[in-house]
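Subject: Structure handover

Hello,

Here is the structure I promised to pass on. Please open it first, then read my notes below.

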Amino acid sequence: MARTLNTLAGLSTALVVLAGCSFDSGSPDPTASGSSKLVIADLWAPDSGYALETDDAFTLTRAGCLETLVAVDKDNQAQPALATEWKQTAPKSWTFTIRETKFQNGTALTAKVVADDLNRLLKATAPPRSFAPSVISSVTAVDDRTVRIDTPEEDLFLPLRVSVPNTGILAPEAFSGTTTNPVGTCTGPFKIASIGTGQSLSLTANADYWGGEVALGSAEIRYAESGATRATQLRAGEVSVAANLPVTTLTTLKGDNNITLQQTPLPRTTGLYLNTRKAPFDKVEARRAIQKALGLDAIVKAVYEGTATAAAGPFTPDEPWTPADLKPVQGSAADAKAAMTAAGIDPGSLDFELIAYSDRPEFADLAQVIQAQLAEAGITVKIRTGEYASVEDDLMSGNFQATLLSRNHLIDLPEPISVLRSDETCKGSFNLAGYCNEKVDTLVKEAGSTADPAKRHALYGQIANQLATDVAFVPLVHESLTMGVADSVQNLPTDPLERTLLTKDTKLS
């Protein structure tokens, strides 16, 4: 879910916590279409008072409440949502035509409301990286139905920026001082009937939804941080959907004929990041020796129970910018020893400490498998564990030797340009490994200014090949998102961006 992604990107989150507070709009709307209720167990409870600059925005889009100007389809292409059309009117300026509709409380959606919301986001203490003053100059209501967004530099990706949940639009009545109240102030297919603080959201269908009839009459999302708890609730029939199931829970569900394990490949790569600022990993030969010691298929089987795929680089095999000839490196102890001998490397010189933060429960097993595989090549690894917060300072300052990292390369935008800038350029803000190649910097800059998608995708492919050549990091696996779904649930979206959980078409048989 997005909270993990943002936290691991080293982004600070502004907390506007409403301790013990509960919004309530009263009893469910009797005019809501349908009569069935869908109950979902989800992972990340809202914890920042629904401030849209935080990950709570993702909570609201997943609940089918909050909507953005632009949506993205399964191919990550921009599609109309609260904006019906848009165009680049100047190199540094885009205009958006705002849909004629109303918020759930009856307030009209206007260009001024949109501009006010987006300007409020820009003024947040910690605005999202995808829509911050560094990339957005101003937002102006040109007339009642037109919004203009200006940027400091030409930005080909602006329509995708306003697809990110943080740029969701709420009615003016949602904002009072430092608090945000989403009850009745969304535009989506579901409206919030009541909020159990930190525990659940009760939802009813929006009978006046601009997108058409809503199939479900009501829904409830219950939040449970424990994956075992979510799996147990599904198995017991307390919920019909259990989202974000960790690998460790899947064996308990596989024998249930009434449950389908729905797996969606994620644009997420787990890798071993070796600190290139310090010996011995300042030498590509040392990094390559580590890579050649790792058997990725064994890792997929032992740690991920077949729910992941071996990784060749930062991108998944089915993405349009992934080089067709880039294949995973399936190593072995013999391969590693041969590589070290050829490079004149003493295996003892590669002994190192590996950070495996516990926020990713599979990292404990992954670190142990890596430790065992490297030991066969004569390399000793000491494992350091702890929550991500306890190791973040060392990671961000470069005070480490190696770390595991699970990274979603579409975290900011539905294209990898933003993460490539932050992770793989010499002065990138999240370049943990300290990797620096001016050729890659040039390719990233060129990709960011290339309007033709095919040419831009080709540049992404060149970057991926260069990262592999340099062993900028050691790709391990691409992960999948697993949801347990009762057979009675129909039209549940499969969203690799993890922004959508309920839509107007979701229903119970």
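Two strands pair if DSSP finds at least two bridges between them. Helices (H or I, at least four residues) and strands (E, at least two) are DSSP runs, numbered from the N terminus. This is a predicted model, in which local features need pLDDT of at least 70 and side-chain atom pairs count only at pLDDT 80 or more, while totals for chains, interfaces and linings use all residues. Residues are numbered from 1 along each chain as its sequence is written, and side-chain values use heavy atoms, with hydrogens and water left out.

The sheet

Trp-94 stands opposite Ile-149 in S7. S5 and S7 (residues 146–150) are antiparallel partners over 5 bridges. S5 (residues 93–98) also pairs with S4 (residues 83–90), again in the antiparallel sense, over 6 bridges. There, Glu-85 faces Thr-97 in S5. S4 and S5 make a hairpin, with 2 residues between them.

These strands belong to an open sheet of 4 strands, in the order S4-S5-S7-S6, with antiparallel pairing. S4 and S6 (138–143) are the edge strands, and each pairs on one side only. From one strand to the next, the twist averages 25°. Helix H3 (residues 111–122) lies across S5, S6 and S7 and runs at about 175° to S6. Such angles run from 0 to 180 degrees between N-to-C directions, with axes as lines fitted to C-alpha atoms, for helices over the stretch in contact.

The cores

A nonpolar core is a set of buried Ala, Val, Leu, Ile, Met, Phe, Trp, Tyr and Cys residues joined through side-chain atoms within 4.5 Å. Buried means under 20% relative accessible area, exposed over 50%, partly exposed in between (1.4 Å probe, protein chains only). The largest core has 51 residues, and Leu-272, Ile-299, Leu-404 and Leu-476 have the most contacts inside it. Helix H9 (residues 363–376) gives the largest share of this core, 6 residues. Apart from it lies another core, of 35 residues, including Leu-203 and Leu-492.

Best wishes

Key:
Contact means heavy atoms within 4.5 Å.
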